[in-house]
Amino acid sequence: MIDTLDVGERATRVAVMNYASTVKVEFPLRTYFDKASMKEAISHIEPLSAGTMTGLAIQTAMDEVFTEEMGTRPANFNIPKVVIIVTDGRPQDQVQDVAASAQAAGIEIYAVGVDRADMQSLRMMASDPLDEHVFYVETYGVIEKLTSKFRETFCAVNMCALGTHDCEQVCVSSGGSYVCDCYEGYTLNPDKRTCSAVDMCAPGRHDCDQVCVSNNRSYSCECYEGYTLNPDKKTCSGMDMCAPGRHDCGQICLSNDGSYSCDCYEGYTLNTDRKTCSAADMCAPGRHDCEQVCVRDDLFYTCDCYQGYTLNPDRKTCSRTDVCAPGMHECEQVCVNNDGSYTCDCYEGFTLNPDEKTCSRATTSSLVTTEESCKCEAIAALQDSVTSHLEALSTKIDEVSQKLQAYQERQQVV
């Protein structure tokens with residue numbers, strides 16, 4: 001195509017954009033003004049990743065390519081702006097509106113479909129008349145046969161590109177003049193300038209198998225619940241409701257003749273919304289086989305036993321534990337088994353310390369109880385009282401004896 005053009009700074013300027021799911025401006029209009037450099041740059045272009053964001057590519061052309069900063073000459077030069085879209089797929093975004101905006105801005109759009117390209121999409125994005133702007137080739141290798149047609153168009157005067165028309169929707173250049181037309185889904189009003197919407201889903205106006213959805217200027221086909229749209233975008237087939245992205249089950253989808261129901265993995269239960277799942281209580285009655293204690297562990301469980309019992313090798317049942325077995329208690333001398341528990345005691349001649357575990361040797365001194373101590377105090381008090389009375393009696397006897405002796409001495413003298 002470049003070989004058929006008069007490429008130059010004051011002649012035809014060319015920019016190349018590469019698009020898939022993203023858009024890349026390989027070089028703008030201001031970069032190359034000779035064919036050799038331009039073709040060399042094109043030979044190094046690598047395809048982008050998968051995707052067909054055609055609408056995004058057209059919008060990027062308007063925003064980043066057809067600007068004076070990027071090499072577009074001033075509008076008062078009245079130089080036609082032409083876009084050639086080459087695609088072998090179906091647009092994955094809304095291309096019709098952005099293509100209409102580009103055409104309203106004076107950009108003429110050619111759509112070239114290759115191999116499996118969708119012809120309806122090509123017609124939605126191309127300028128009118130469609131017979132002159134929509135092309136199809138079997139392979140990229142034979143696309144060069146279209147170059148002569150493009151050359152004729154580039155050299156012609158496009159009255160619609162000058163921006164002087166008053167068409168509401170579509171301007172069609174015709175032999176130095178123009179006529180107005182409307183987008184698909186609209187009809188031209190009697191004033192031959194404005195358009196009115198047509199109900200594209202009215203009976204007899206569409207070819208949808210089940211449901212017709214009016215899209216302002218056009219329409220699209222859809223299917224009833226439980227069906228999926230075939231590649232022809234018109235007819236419908238029963239679908240697998242449990243295919244990825246077609247259901248809203250949290251865990252398991254069960255297909256059921258055009259419908260579906262949800263279920264959960266083992267260890268989960270279905271919530272009241274019949275879609276999402278919650279972890280089940282594995283230790284709920286009837287859900288485990290532990291003899292004594294069930295211990296929940298996320299989606300599983302383990303068995304345990306009450307105090308004084310040990311888990312058997314089957315990891316389910318329990319046997320009573322000998323708490324006084326070696327290594328099972330902390331008693332220093334004697335362990336006393338108390339039905340699953342224990343207390344400590346000491347050998348004869350030892351006493352249990354306050355920690356209730358260790359023992360100390362008992363002292364050999366005479367030890368008396370409180371009661372015995374009280375008895376001893378009473379006896380001691382009685383002994384003291386008797387001794388006191390005896391001492392007083394002895395004193396009185398001495399006094400009497402002394403008086404008797406004095407009396408006897410006086411008798412002798414007489």
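# A tour from hairpin to helices to sheet

Start by selecting residues 16-19 and 23-27. These are strands β1 and β2, which run antiparallel and are joined by 4 bridges. Between the two strands lie 3 residues, and together β1 and β2 make a hairpin. Show the side chains of Met-17 and Val-25. Met-17 stands opposite Val-25, which belongs to β2. Keep in mind that this is a predicted model.

**Zoom out**

Now show the whole protein chain. It contains 7 helices and 25 strands. Of its 414 residues, 31% count as buried. Take the contacts with a separation of 6 or more: 37% of them come from residues 24 or more positions apart.

**Two helices**

Next, select residues 54-65 for helix α2 and residues 95-104 for helix α3. The two pack with their axes 8 Å apart, at an angle of about 20°. Angles under 35 degrees count as roughly parallel, and α2 and α3 are therefore roughly parallel to each other. The crossing of α2 past α3 is left-handed.

Which residues of α2 and α3 meet? On the α2 side, pick Thr-54, Gly-55, Ile-58, Gln-59 and Met-62. On the α3 side, pick Val-95, Val-98, Ala-99, Ser-101 and Ala-102. Colour this contact by residue type: 6 of its residues are nonpolar, 4 are polar and none is charged.

**Around α3**

Stay on α3. Is this helix mostly covered or mostly open? Mostly covered: 7 of the 10 residues of α3 are buried. Select them one by one: Val-95, Gln-96, Val-98, Ala-99, Ala-100, Ala-102 and Gln-103.

What covers these buried residues? The cover includes α2, which you have already seen, along with β4 (107-114), α4 (119-125) and β11 (218-222). Turn each of them on in its own colour.

Then step just past the end of α3. There, Gly-106 takes a positive phi of about 90°.

Move on to β4, one of the elements covering α3. This strand sits in an open sheet of 3 strands, ordered β3-β4-β5, with parallel pairing. Select β3 (81-87) and β5 (134-137) at the edges. Each has a single partner strand, so one side of each is left without a neighbour in the sheet. On average, neighbouring strands here are turned by 20° against each other, direction ignored.

Finish on the pairing of β3 with β4. It is parallel and spans 7 bridges.

Notes: Residues numbered from 1 in each chain as written. Predicted model: local features only at pLDDT ≥ 70, side-chain atom pairs only at ≥ 80, totals over all residues. Heavy atoms only, no water. Pairing = 2+ DSSP bridges. Axes fitted to C-alpha atoms, helices over the stretch in contact; angles between N-to-C directions. Parallel < 35°, antiparallel > 145°, perpendicular 65-115°, else oblique. Left-handed = near helix turned anticlockwise from the far one by under 90°. Contact = heavy atoms within 4.5 Å. Nonpolar A, V, L, I, M, F, W, Y, C, P; charged D, E, K, R; others polar. Buried < 20%, exposed > 50% of the residue type's maximum accessible area, 1.4 Å probe, protein only.
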